[in-house]
Amino acid sequence: MSAIIEIHDERFGACASSTTRLDHLYDGCRWAEGPAWFPAHRYLVWSDIPNDRMLRWDEAAGTVAEFRSPAGFSNGNTLDVEGRLVSCEHGNRRVTRTEPSGEITVIADRFEGKRLNSPNDVVVKSDGSVWFTDPSYGIASHYEGHRAESELGGCFVFRVDPGGGAPRVVADDFDRPNGLAFSPDERRLFIADSGAPHHMRVFDVGDDGGLSGGDVFAVCSDGIYDGFRFDEDGRIWTSAADGVHCFDPDGTLLGKILVPEVVANVCFGGARWNRLFICATTSLYAIHLGVIGVSPSRR
Ligand code: MG
């Protein structure tokens, strides 16, 4: 289908074009989330949370296959600096890394002896530290995990230092922290709150890994911001109910890519890193853009 582009600022004209196709690559998910592009394999892995499986779209063959099932009701995925898959698992209430052998290593599953809620989204900084959000969606019902009481009594953002160790709380004033991503220079960390406030906040990242600031960067005008990614010029490409919203680093809403289903998350990929993959409810979509994406594996 032809892409439907909304231009809110003339600068968006160079970023996305309505002459481009919005490719519909797959449907059949219940809630698609967590796209991660593997450049070495030319495939995209993503989560279908309620179906407790991960799927893989292969660029060369154009086919979709099951990647992992059961998958611990996985949600957000990313690659670390060595190209290994890092996943949030609602069901197992943990963040894991998949080794090249296929073996799974637990990065974090407890804080001060208490189980995490249900890690939602994760990003790996170039120094190897792992940053993730831990809202309660995966323990709220049996639909996206296993219903349970929160042991932590709050929804925090955590960091695990390079080389591992116990997670540390880096932010504790969110309702439901969700998507997160570093600016290309990694000096700022953006975190979405999908709870009562439907907005995205921006923090300064200290040399010690601590966060300061936390001002609201943007308020979502349609639905919530869930997952998002940066392009190399620092624009934010974020999910929303009506599609993908693109923000300039100065906070201006540049434009939207309208998508027929509610969007949960996006990631850049493809041979030239100019293709945006879009997880939207039942479907995986993709669109070629006039920008180049940043991903952990490209830093
Ligand atoms: Mg999310």
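Buried denotes a residue under 20% relative accessible area, exposed one over 50%, and partly exposed one in between (1.4 Å probe, protein chains only). Strands (E, at least two residues) and helices (H or I, at least four) are DSSP runs numbered from the N terminus. The structure is a predicted model, in which local features need pLDDT of at least 70 and side-chain atom pairs count only at pLDDT 80 or more, while totals for chains, interfaces and linings use all residues. Residues are numbered from 1 along each chain as its sequence is written, and side-chain values use heavy atoms, with hydrogens and water left out.

Two pairings of β14 are tabulated; strands pair if DSSP finds at least two bridges between them.

β13 and β14 form a hairpin with 5 residues between them, and G128 in the turn has a positive phi of about 95°.

**Magnesium site**

The magnesium ion is coordinated by E33 (OE), N120 (OD1), N178 (OD1) and D226 (OD) at 2.1 to 2.8 Å. Donors are N, O and S atoms within 2.8 Å of the metal (3.2 Å for Na, K and Ca); water is not among the atoms, so sites may look incomplete. The donor residues follow the sequence spacing E-x86-N-x57-N-x47-D. E33, in strand β3 (residues 32-38), and D226, in the loop between β20 (211-219) and β21 (228-230), link distant parts of the chain, 193 residues apart. Both E33 and D226 are buried.
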